Amino acid sequence: MTLAVRYKAARTLETAVVDPPAPGPGEVELAPAYVGICGTDLHIFHGDMDARVAAPVVLGHEMSGRVTRLGPGVKGWRPGDAVTVMPLRWDDTCPACLAGHQHVCQHLDFIGIDSPGAMQQRWTVPASTLIRLPQSLALDRAALVEPTAVAVHDVGRAEVATGERVVVVGGGPVGILIALVARAAGADVRVVELSAHRRSLAQELGLTAWDPADDDVQALVGEWTEEAGAEVAFEVSGAAGGVDTAVDVLGVRGRLCQVAIHPRPREVNLHRFFWRELTLVGARLYDRSDFERAVSLVADGTIPAERLISKIVPLTQAPAAFEALEGGGNVMKILVDCTDDAQGAAV
């Protein structure tokens with residue numbers, strides 16, 4: 001038996017005793033160390049995904065931890081190995097999988113949403129989902145590998161190249177990670193963010209950040225690019241105004257990469273798309289190469305993961321941490337410490 005955080009209903013989480021299954025053939029049991037709370041977890045907490053989430057369900061998919069037990073037939077791993085998990089299980093039979101796009105399988109099991117997640121003291125997953133971590137990488141920092149993999153995938157989808165001007169609209173955790181990954185790819189980056197706290201953090205990380213409430217973002221982009229416009233914009237805000245900004249800052253044949261989840265359809269200035277021959281690409285999740293690149297970026301300090309962690313709380317305080325994140329602006333990433341030592345031995 002072990003402790004877990006489960007979603008029961010809108011705005012209702014519980015710390016419960018659960019009995020995770022023993023690892024079967026091809027599976028491993030993990031001891032999660034740290035689990036990040038992300039925007040998708042908040043959507044679940046608000047009840048926005050009740051049509052998809054079968055409550056009660058254990059949440060969490062941004063994690064780091066160690067292998068504890070191996071199921072029959074598992075090779076290449078041993079207890080104590082430091083790992084993160086690429087939380088995707090696909091069917092390999094749908095048209096998307098057959099076309100080589102397993103990460104957007106048409107019947108995808110996103111572990112931590114569609115099936116039990118990592119916010120528990122013991123967690124059984126397919127061995128195929130494991131990503132090896134360097135033993136030298138601190139496990140709290142390693143919990144940011146998954147959102148970094150999202151950023152790596154996004155930057156790849158937008159085909160960001162050295163010397164390009166990039167505008168990231170939305171300076172939350174994923175927006176900042178996209179900005180850092182784009183900068184590592186050689187781009188010149190600007191972040192647009194309403195929160196003074198998040199703008200301040202971006203600036204501390206060497207990024208230029210603008211306040212759309214006080215700054216004329218389009219004029220600033222014109223000055224920065226000599227009226228050419230940016231080559232790439234990322235929409236990470238999830239707001240209607242963010243969509244408008246991301247479209248307006250683009251130059252001729254610019255690329256808009258849509259990252260944020262919008263709960264309802266948005267109006268888009270299609271005339272701007274016609275007039276400047278813009279391109280819109282969607283970016284969802286990641287593949288194994290994105291994860292492996294993310295591990296390298298976190299391990300070598302290109303992603304200063306420790307600067308993005310606002311707070312670490314024990315598993316028993318996770319419900320309160322969800323409420324703290326609702327305010328958004330003054331918090332970046334909260335990690336849940338799932339180790340036995342954080343709340344006493346597993347029960």
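How many helices and strands are there in the protein chain? I put this to the model first, keeping in mind that it is a predicted one, and I counted 13 helices and 18 strands in the protein chain.

Overall dimensions. I looked up the radius of gyration of the protein chain and found 20 Å, close to the 20 Å that the globule rule gives for 347 residues, so the chain is as compact as a globular protein of that length. Along its principal axes, I noted that the C-alpha trace spans about 60 × 40 × 40 Å.

Burial, contacts and surface. I then checked burial and recorded that 56% of the 347 residues count as buried. Turning to contacts between residues at least 6 apart in sequence, I found that 69% of them join residues at least 24 apart.

Charges. I compared the mean positions of the 30 positive and 44 negative charges of the protein chain, and these lie 4 Å apart.

Strand β11. I went on to residues 165-169, which form strand β11, and found this strand mostly covered, with five of its five residues buried. Which residues point one way from β11, and which the other way? I listed R165, V167 and V169 on one side and V166 and V168 on the other, and all of them are buried. Looking for the partner of β11, I found that strand β12, residues 188-192, pairs with β11 in the parallel sense over five bridges. Within this pairing I noted that V169 stands opposite V192 in β12.

Terms used
Residues are numbered from 1 along each chain as its sequence is written. This is a predicted model: local features need pLDDT of at least 70, side-chain atom pairs count only at pLDDT 80 or more; totals for chains, interfaces and linings use all residues. Side-chain values use heavy atoms; hydrogens and water are left out. Helices (H or I, at least four residues) and strands (E, at least two) are DSSP runs, numbered from the N terminus. The radius of gyration is taken over C-alpha atoms; the globule rule is 2.2 Å times the number of residues to the power 0.38. Buried means under 20% relative accessible area, exposed over 50%, partly exposed in between (1.4 Å probe, protein chains only). Contact means heavy atoms within 4.5 Å. Lys and Arg count as positive and Asp and Glu as negative; His and the chain ends are not counted. The place of a charge is taken as NZ of Lys, CZ of Arg, CG of Asp or CD of Glu. Two strands pair if DSSP finds at least two bridges between them.
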